[in-house]
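This report walks through one protein chain, from its annotated region to single residues. Please keep the sequence and the model in view.

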Amino acid sequence: MQLPSSLLENAVNEFAKLPGIGKKTALRLVLHLLKQDTDAVQHFGDSITKMRKEIKFCQRCCNIADADICSICANSMRKQDIICVVENIRDVIAIESTQQYNGTYHVLGGVISPLDGIGPDQLTIETLVNRIQKEHTQEVVFALNPNIQGDTTIYYIQKKLQSFPVKVTTIARGISFGGELEYADEMTLARSLQNRLPVESYVAGR
Ligand SMILES: [Zn+2]
């Protein structure tokens, strides 16, 4: 794609680095910004820079936060002794939009995947285990995607929790999940949260 300005080209290249954005779409977005007044574009750029610079991760659950502790952990109306373990922040958003879950979360930052070079140490598993021990958590609900990496992660963490008096469950599996958790429709996700199963029966049943 030949562009008449290197400034334009730089901007298009930056947009094209975003997931799902090809060069054509990038050009359309950049040309749209070019039509806005300078202040609006300044605000657009500033909000991204500010978000990246200032966003925090909750010290307790590793969710995104504006303060040291996220709004979910800080909410005394939520059941603080239940932890739903998810892979990433998109899963927190997906489960929150079902409005069927009133506990807290723990964001692992991924799942164990030796082929991708991701081992337990790269995830927030130790933080989770320490947290469960310290807070005398009543229940841990795994809401990981139903694939080999998700299963391996559940198995690994469950082993670490065996000596703790905590109920360990997983959201119901095998229902048409449509693949990724974040794409599951809200009804399916809400139902699988309600019908959660003890992890022992899930792991033993494989
Ligand atoms: Zn939190």
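## Annotated region

UniProt, in an unreviewed entry, lists residues 58–73 as "zinc finger region: C4-type". UniProt positions follow the numbering used here, feature names are shortened, and annotations may be inferred rather than shown by experiment. Over residues 58–73 the chain is 0% helix and 12% strand. The end C-alpha atoms of that stretch are 8 Å apart. Helices (H or I, at least four residues) and strands (E, at least two) are DSSP runs, numbered from the N terminus.

The model is predicted: local features need pLDDT of at least 70, side-chain atom pairs count only at pLDDT 80 or more, and totals for chains, interfaces and linings use all residues. Residues are numbered from 1 along each chain as its sequence is written.

Cys62 is found in the loop between β1 (56–57) and β2 (64–65). Its phi is near 70°, a positive value in a residue other than glycine. Is Cys62 buried or exposed? Cys62 is buried because 23 other C-beta atoms lie within 10 Å. The cut-offs are 20 or more other C-beta atoms within 10 Å of its own for buried, 12 or fewer for exposed, and partly exposed in between, with C-beta atoms placed from the backbone.

## Overall layout

The protein chain has eight helices and seven strands. Its C-alpha trace spans about 65 × 35 × 35 Å along the principal axes. Of its 206 residues, 25% count as buried.

The domain assignment gives domain 1 (6–54) and domain 2 (77–204). Such bounds come from an automatic or database domain assignment. The two domain centres, taken over C-alpha atoms, are separated by 35 Å.

Thr25 lies in helix α2 (residues 23–35). Thr25 counts as partly exposed because it has 14 C-beta neighbours inside 10 Å.

## Sheet

Five strands form an open sheet in the order β4-β3-β5-β6-β7, with mixed pairing. The edge strands, β4 (104–107) and β7 (197–198), each pair on one side only. Two strands pair if DSSP finds at least two bridges between them.

Strands β3 (residues 82–86) and β5 (residues 139–142) run parallel and are joined by four bridges. Ile83 has Val140 in β5 as its bridge partner.

His136 is found in the loop between α5 and β5. Its phi is near 50°, a positive value in a residue other than glycine. His136 is exposed, because 10 other C-beta atoms lie within 10 Å.

## Core and contacts

A nonpolar core is a set of buried Ala, Val, Leu, Ile, Met, Phe, Trp, Tyr and Cys residues joined through C-beta atoms within 7 Å. The largest has 33 residues; Cys84, Val85, Val86, Tyr105, Phe142 and Ala143 touch the most other members. β3, α4 (89–96), β4, α5, β5 and α6 (148–160) each supply at least two residues of this core. The largest share, four residues, comes from β3.

Two residues are in contact if their C-beta atoms, placed from the backbone, lie within 7 Å. Beyond four places in sequence, Val86 touches Asp91, Val92, Tyr105, Val107, Leu108 and Ala143.

Gly110 sits in the loop between β4 and α5 (125–135). Gly110 is partly exposed, with 15 other C-beta atoms within 10 Å. Leaving aside neighbours within four places in sequence, Gly110 is in contact with Glu87, Ile118, Gln122 and Leu123.
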